[in-house]
Amino acid sequence: ARAAAKAGILFGLSQHSTRTIEQVAAAVPRGALQFYQAYILKDRERTLHLIQRAIQAGFRGIIVTVDSVRFGYREADAR
């Protein structure tokens with residue numbers, strides 16, 4: 001996120017990030033071009049809550065992913 005902000009390019013934060021929305025937002029200058037990538041969850045209230053957190057943290061756009069939040073089988077994870 002910091003590198004993207006320094007370069008003046010868009011950064012997209014995954015809903016599955018290992019850092020919170022607020023942690024990422026705090027790591028970059030205010031006004032950096034950050035979008036939040038959100039899945040439409042079965043629990044629509046949870047989806048809305050995550051998007052609201054992103055907006056409050058200063059994210060300027062939402063990337064909506066509608067394909068799936070189900071992870072595929074990864075052999076490396078099964079070991």
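Visitor: What does the accessible surface of the protein come to, and how much of it belongs to carbon and sulfur atoms?

Guide: About 5,900 Å², with 53% belonging to carbon and sulfur atoms. Keep in mind that this is a predicted model.

Visitor: What pattern does the protein follow along the sequence?

Guide: Reading along the sequence you get α-β-α-β-α-β-α.

Visitor: What makes S1 and S2 a pair?

Guide: Pairing takes at least two bridges, and strand S1 (residues 11-14) and strand S2 (residues 34-39) have 4, in the parallel sense.

Visitor: Why is Ala 38 called buried?

Guide: Buried means under 20% relative accessible area. Ala 38 has 2% relative accessibility, so it counts as buried. Its place is in strand S2, where 5 of the 6 residues are buried.

Visitor: Which residues is Ala 38 in contact with, leaving aside its neighbours within four places in sequence?

Guide: Contact needs heavy atoms within 4.5 Å. With those neighbours left aside, Ala 38 is in contact with Gln 15, Ile 51, Ile 62, Ile 63, Val 64 and Thr 65. As for Leu 50, its C-alpha is 7.8 Å from that of Ala 38, with the two residues 12 apart in sequence.

Visitor: How do you know that the span of helix H3 agrees with what it should be?

Guide: Helix H3 (residues 44-56) has 13 residues, and at 1.5 Å a residue they should span 18 Å. The expected value uses one less than the number of residues. The end C-alpha atoms of H3 are 18 Å apart, which agrees.

Visitor: Why do the buried residues of H3 line one face of the helix?

Guide: The buried residues of H3 are Thr 47, Leu 50, Ile 51 and Ala 54. Seen down the axis of H3, they fall within an arc of 95 degrees, so they line one face. An α-helix has 3.6 residues a turn, so residues three or four places apart point the same way. On the other side of H3, Glu 45 and Gln 56 are exposed.

Visitor: What do the buried residues of H3 pack against?

Guide: H2, S2 and strand S3 (61-65).

Visitor: And how much of the whole protein is buried?

Guide: Buried residues make up 28% of the 79 residues. As for contacts with a separation of 6 or more, residues 24 or more positions apart account for 64% of them.

Note on methods. Residues are numbered from 1 along each chain as its sequence is written. This is a predicted model: local features need pLDDT of at least 70, side-chain atom pairs count only at pLDDT 80 or more; totals for chains, interfaces and linings use all residues. Side-chain values use heavy atoms; hydrogens and water are left out. Helices (H or I, at least four residues) and strands (E, at least two) are DSSP runs, numbered from the N terminus. Buried means under 20% relative accessible area, exposed over 50%, partly exposed in between (1.4 Å probe, protein chains only). Accessible areas come from the Shrake-Rupley method with a 1.4 Å probe; for residues, only the protein chains shown count as cover. The arc is that of the directions from the helix axis to the C-beta atoms.
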